[in-house]
Amino acid sequence: MPQTIAVLDFGSQLTQVIARRIRECQVYSKIYHFATPAAKLRADGVVGIILSGGPQSVYAKTAPHPDPAIFELGVPVLGICYGVQLMGHFLGGHVAHSKAREYGHGHLTIRKPGKLFAKLPRKLRVWNSHGDKLTKLPPGFAAIGTSENSLFAAIEDTKRGFYGIQFHPEVFHTERGVDMIRNFLLGVCRAKQDWTTRDFIAQTVADIRAKVGKSRVLLGLSGGVDSSVAAALLHKAIGKQLTCVFVDNGLLRKGERAYVESLYKRNFKIDLRVVDASALFLRRLKGVTEPEKKRKIIGRTFVAVFEKSLKSIGHADFLGQGTLYPDVIESVSIGNNPASLIKTHHNVGGLPARMKLKLVEPLRELFKDEVRAVGAALGLPKEVVWRQPFPGPGLGVRVMGDITAEKLEILRNADAVLQDEMMASGYYYKVWQSFAVFLPVRTVGVFGDERTYDFVIALRIVESIDAMTADWAKLPHDLLQKISSRITNEVRGVSRVVLDISSKPPATIEWE
Ligand code: XMP
């Protein structure tokens, strides 16, 4: 059993972010239900406890409370936001109930650095999100930091190793927040820094084996980062018990299917079944122009094809999915268990419930960059690990208007030229996404001595951090020139290339 930092979850949306920051410090942590008995924590070898934030007031009837004996375990405790109020409430201080929330940036002035703020500047911008606040210190505590709204923005009891902070050190908006967490883990808890990506892989492999036993697992492989890493991890854990299904929906990029087959079947020796359903998808999409309708048809057809293919593959008990933490929507319940209402985005719709498949989601607690690190450690090539996002409905939402095989072919060829030049110039890995869009508009052109009347390709190349907002990428003109002339020279049916210079908002990244 590794030395464990216990994160008690009081229902904050940020609990997983705390766990992520602890991993960044190479320390092992586990998220526990808020009421986990102290004896269980002791048995698990817990060397420090972090009390997460939470949406409730400590005075609320339904407020989640910890086992009071956690304060008697003799291990350090760090209370964050709601966590510090719990410390005030349980250890003899006083918490004032307030109706107004304090939300947003604040300024912390460190009065006494001690262990928690060791080597940090005296003034830092911090992020607040709380209603109640501590108004009287519990016995044994001293204030070590103040903010514009609180004399007790940070408190400590050095004797017991108890610390409390009103703001959120785990979020990016708090300056040097991760250093505060590191100081608690290493300086106060004296935790070992022995938790790496390789340890994560080893433990996850063991967990998958324990969960799955001798059963079979199916996984819908899309070729994107998440499902690829999930496949590689599952394959490492259970080898032949894993069967991957790759659906060719006819809306894939040029060479996509061949690439996936060669990588997983030949290279990784994964049992990969490729289902060619392109004719069915195109038939169902015939004449459909409305973007939402297209998406629905593509989604429904995918589920139907996947389900049908399972019949020929044979029985399985589990469905593997590359769900990441940001895909997990946490809706915090008001009841006794804040974590009870966790919902998952299912890439394959209602399939698991209907087919009575149990889920195995080995990446469920990870963030995207951590998934990439796991993929790289498992030996997946850079092109997969650093692949740009590609929408589920594929080229279906990149051919404007109705979709035909001819238009898809033109788009595929134009897109291949774009990707080729993005790769060659190194810009592929510098931007968030770069792709071509087919516009069903004919414009006049000249080719040799002939007048042409051909379609238009738009280039959509954006920079973004999280796809919530995006800006069009300012690529060098000579690169754009090369892409444009190659497309008009090499792709039949295109005589004009335009560049999309819209940001998100108001435009979205995809055109449909
Ligand atoms: P938008 O167009 O909304 O896209 O700015 C934001 C990001 O999401 C991707 N995207 C999708 N991904 N299924 C997916 O898996 C979809 O239906 C879908 N639509 C958009 C898009 O490529 C961009 O990265």
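**A loop and its backbone**

Guide: R176 is located in the loop between β11 (162–165) and α4 (177–188); helices (H or I, at least four residues) and strands (E, at least two) are DSSP runs, numbered from the N terminus. The model is predicted, and local features need pLDDT of at least 70, side-chain atom pairs count only at pLDDT 80 or more, while totals for chains, interfaces and linings use all residues. Residues are numbered from 1 along each chain as its sequence is written, and side-chain values use heavy atoms, with hydrogens and water left out.

Although R176 is not a glycine, its phi is positive, about 60 degrees. Most residues other than glycine have a negative phi, and most peptide bonds are trans. With a relative accessible area of 38%, R176 is partly exposed; buried means under 20% relative accessible area, exposed over 50%, and partly exposed in between (1.4 Å probe, protein chains only).

C81 is another non-glycine residue with a positive phi, of about 55 degrees. It lies in the loop between β4 (77–80) and α3 (82–91). C81 counts as buried because its relative accessibility is 3%.

The bond from K504 to P505 is cis, with omega near -15 degrees, and P505 is found in the segment after β22 (494–499). P505 and P506 are also joined by a cis peptide bond, with omega about 5 degrees; P506 lies in that segment after β22 too.

Turning to the side chains, there are twelve aromatic pairs in the structure. Rings of Phe, Tyr and Trp (its six-membered ring) pair if their centres lie within 6.5 Å; planes under 30 degrees apart count as stacked, over 60 as edge-to-face and the rest as tilted. One of the pairs is F438 with F455, which is tilted, at 4.9 Å centre to centre and 55 degrees between the planes. It links distant parts of the chain: F438 belongs to strand β19 (residues 433–447) and F455 to strand β20 (residues 450–463), 17 residues apart. Both F438 and F455 are buried. Elsewhere, F10, F34 and Y82 form one aromatic cluster.

Rings also meet charges. The charged end of K430 sits over the ring of Y427, 4.5 Å from its centre, and that of K474 sits over the ring of W472, 4.3 Å from its centre. Here a charge sits over a ring if NZ of Lys or CZ of Arg is within 6 Å of the ring centre and within 35 degrees of the ring normal.
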